[in-house]
Amino acid sequence: MDHMTTTPTPARTDVLADEAAYLTAVAQARTAADAYYGTGESGMDDDMYDRLLRGITAFEVEHPDLVAADSPTREVAAGVTGGDVDHAVRMLSLGNVFSAEDLTEWAASLQRRLGGREVNGWVVEPKLDGVALAARYRDGELVQLVTRGDGSTGEDVSHVIDDLAGLPKRLAEPVTVEVRGEVLMTEDQFAAANEARIAHGGAPFANRRNSSSGSLRAKDRPYRVAQTFLAYDALTDPAHTSDPGLAALTHTALIARLAGLGLGTTLGTPVATLACATLDEVLARIEAIGVLRPELDYELDGAVIKADDPADRAEAGTGSRTPHWATAYKFPAAQKITRLLDVTWNVGRTGIIAPRAILDPVEVGGTTITYATLHNPADITRRGLMLGDSVIVYRAGEVIPRVEGAVTTLRTGAELPIAFPEACPRCGADIDRSQERWRCVRGRDCGRVEAIRYAVARDCLDIEGLGERLVVQLVERGMIEDFADLFTLTRDQFLSLERMGDKSADNLVAAIEHARRQPLNRVFCALGVLGTGRSMSLRIAAYFGSMAAIQAADAVALERVDGIGGEKAPVIVAELAELAPVVAKLAAAGVNLDQPGWTPPAEDDEEPADTSGLPLAGLSVVVTGAMTGVLADYSRTQMNELITRAGGKATSSVSKRTGLVVAGEKAGSKLAKAEEHGVEVIDPEQFAERLADLLKEA
Ligand SMILES: NC(=O)c1ccc[n+]([C@@H]2O[C@H](COP(=O)([O-])OP(=O)(O)OC[C@H]3O[C@@H](n4cnc5c(N)ncnc54)[C@H](O)[C@@H]3O)[C@@H](O)[C@H]2O)c1
Ligand SMILES: [Zn+2]
């Protein structure tokens, strides 16, 4: 349960001192809930709302006689007004747990409801963070869509019947059934929705959930917005369906059946509905879903744990607001509201001019966030952001935090437009605006000289005699693209430069030879990774010992280095992926990439054995395509054994964490992926050469 113990949800509760404080809290919660379920735009983030609600609940437990009639704890959706369509079976909310202990307690209470026996199996699903919807099929035809409303009655939203992927107009069989699930937006759908809304003079939505809710409920719009539906339930009682077989199905089987009818479900995704025999399996699955969360194309706010067997469900029964046979394990909130203080424009290595949001520091998922990515100017426009806005910031897992949108209801009128740069903020050249990502017209040339000057300076490689004038010449003549190219320049090439004598050329060659043997921390520093100066580079080098190990590290591993937090780590990972070709050049030029005298850091969890002396130390290696040369007869298993013997880690898929790809003949998508991630690619012959000593031994 690693991620749960390392980032526990701060289940804080505001203690309400007296009835007056209680009534104020109830009023605040009602206002927020009205906005949340109404316009979709609440001025409170979920963390704040949940804290308020926990305070209210605690007070009500202590003072049952003082419970307000309009308490938001009483009803589904805080009793916000429903609609004019009756639900044959009420659409409920879910109870919450926040830790393994809470879950165990809840399971024990369910066991008590079952007369002391255990459930006949569990099932775990992602808790999809969108809007609940009931879809009614008659003889296989989609006839009506209804929102959850107050649980008893909902709103008819059949006007979006054509817009929901995962809700086919006709099922694979002519069944009559009401399917229930979540409507949500993928990132692309969210961007398209905001674009369409702006094009029609509207304000963009603050986040995807609001966008889903708003887009479902808006009638008579001149444009359509695509969304995604994922089913997690159906009315299985024979009173409500033409398929009497449904009632006997376990939940797992029901979901498979719904998918078979053509409905969207999580099946086929990494977080698919999964049956679990024991509570330990349930906990492991919840953890797995938490780990996968940042990689999914839709947002989750937890996992849902249900009894799998319909007999268990019937016996456990249902409360006024929530079923007794299911609960939600809430993940730490990934979204928080904070203020957008400023926007800065950074010019990247390739001349890309990227805006970055400077935020009023806010804690999201255990990390204090002070900045977030804004992608590009079009993105800022699409999100309709202004300086001083209250914005929703999103961060889950190891991703770089991003700004979702502004909560426009919290505007004061003092907000200012965000100024876009007129010229390249680094060199003053013109900006190429032909793409969404703006770029300095000088591209990689913008900043190239500065980057190389930084790399050769005293704190980094310390190449004496290589001043600005020489660097400019080398760059302008196309002799070097980055500092790694310095290591392959010859004495004659130096002599070809203006005002370069024999003596100076000799000195330069000697200085570069010296630089070739500099310790890893200086070479790493020379890379100019964002957020890593001289001392941070030393800490990183001292911790990992080799460039390969640094490249193989993910954000979690990087966070173990003193001074690297959850905000910086993913930036370093992304930067290193971009710099992989430079590192490959350094390695090829024989530049030292090890930290002298390195010993592995003491670690209490299982650390791999010390492999630092081996040729693939700490490197994650992917083999693809047909092997040739001396490796021609090696099976994949033998290749993997070879990699392991060489201190590397054999993996099957290419990601930003991959350190090396060995691409043989007919290498396909993995090769393409390696290129996309800037991973070093070599052929089997080169690989054999690198492992020559080991191959000789064998
Ligand atoms: N920010 C605010 O102002 C504000 C106000 C009110 C409520 N809220 C938030 O809303 C939440 C509580 O509201 P709630 O009762 O509407 O719902 P909930 O999200 O806690 O739980 C019930 C809902 O979960 C959804 N769900 C997703 N995946 C599911 C699955 N696999 N199986 C079953 N259901 C699944 C369903 O739509 C269901 O209606 C809290 O997180 C609270 O913070 C926020
Ligand atoms: Zn520039």
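Start by selecting the open sheet of 4 strands, ordered β21-β20-β22-β23 with parallel pairing. (Strands are DSSP runs of E, at least two residues, and helices are runs of H or I, at least four residues, each numbered from the N terminus; two strands pair if DSSP finds at least two bridges between them.) β21 (649-650) and β23 (680-682) sit at the edges with a single partner strand each, so one side of each has no neighbour in the sheet. Now pick β22 (residues 660-663): 3 bridges join it to β23, and the two run parallel. Click V662 and you'll find I682 of β23 opposite. (Contact means C-beta atoms, placed from the backbone, within 7 Å; axes are lines fitted to C-alpha atoms, for helices over the stretch in contact, with angles from 0 to 180 degrees between N-to-C directions.)

A quick note on what you're looking at: this is a predicted model, where local features need pLDDT of at least 70 and side-chain atom pairs count only at pLDDT 80 or more, while totals for chains, interfaces and linings use all residues. Residues are numbered from 1 along each chain as its sequence is written, with chains lettered from A and ligands numbered from 1 in the order in which they are written.

Zoom out now. The protein has 23 helices and 23 strands. Its radius of gyration (taken over C-alpha atoms) is 29 Å, close to the 26 Å from the globule rule (2.2 Å times the number of residues to the power 0.38), so the protein is as compact as a globular protein of 698 residues. Along the principal axes, the C-alpha trace spans about 95 × 65 × 50 Å.

Next stop: two hairpins. Select β13 (residues 335-347) and β14 (residues 353-364), which pair antiparallel over 7 bridges. L340 has L359 in β14 as its bridge partner. Their hairpin has 5 residues between the strands, and G351 in the turn shows a positive phi of about 90 degrees. Carry on to β15 (residues 367-373), joined to β14 by 6 bridges and running antiparallel. Here V362 stands opposite I369. This hairpin has 2 residues between its strands, and G365 takes a positive phi near 55 degrees.

Then select the open sheet of 5 strands, β2-β12-β11-β3-β10, whose pairing is mixed. Its twist averages 35 degrees from one strand to the next. Helix α8 (residues 279-292) packs on this sheet, touching β3, β10, β11 and β12, and makes about 20 degrees with β3.

Last, ligand 1. Which residues come nearest to ligand 1? Of the 21 around it, they are Y36, S42, D46, S93 and A132 (near means a C-beta atom, placed from the backbone, within 6 Å). α2 (19-37), α3 (46-62) and β3 (122-128) each give two or more residues to this shell. Domain 1 and domain 2 each supply at least three. The shell has 12 nonpolar, 2 polar and 7 charged residues, counting Ala, Val, Leu, Ile, Met, Phe, Trp, Tyr, Cys and Pro as nonpolar, Asp, Glu, Lys and Arg as charged, and the others, Gly among them, as polar.

Methods:
Domains from an automatic or database assignment. Contact = placed C-beta atoms within 7 Å.
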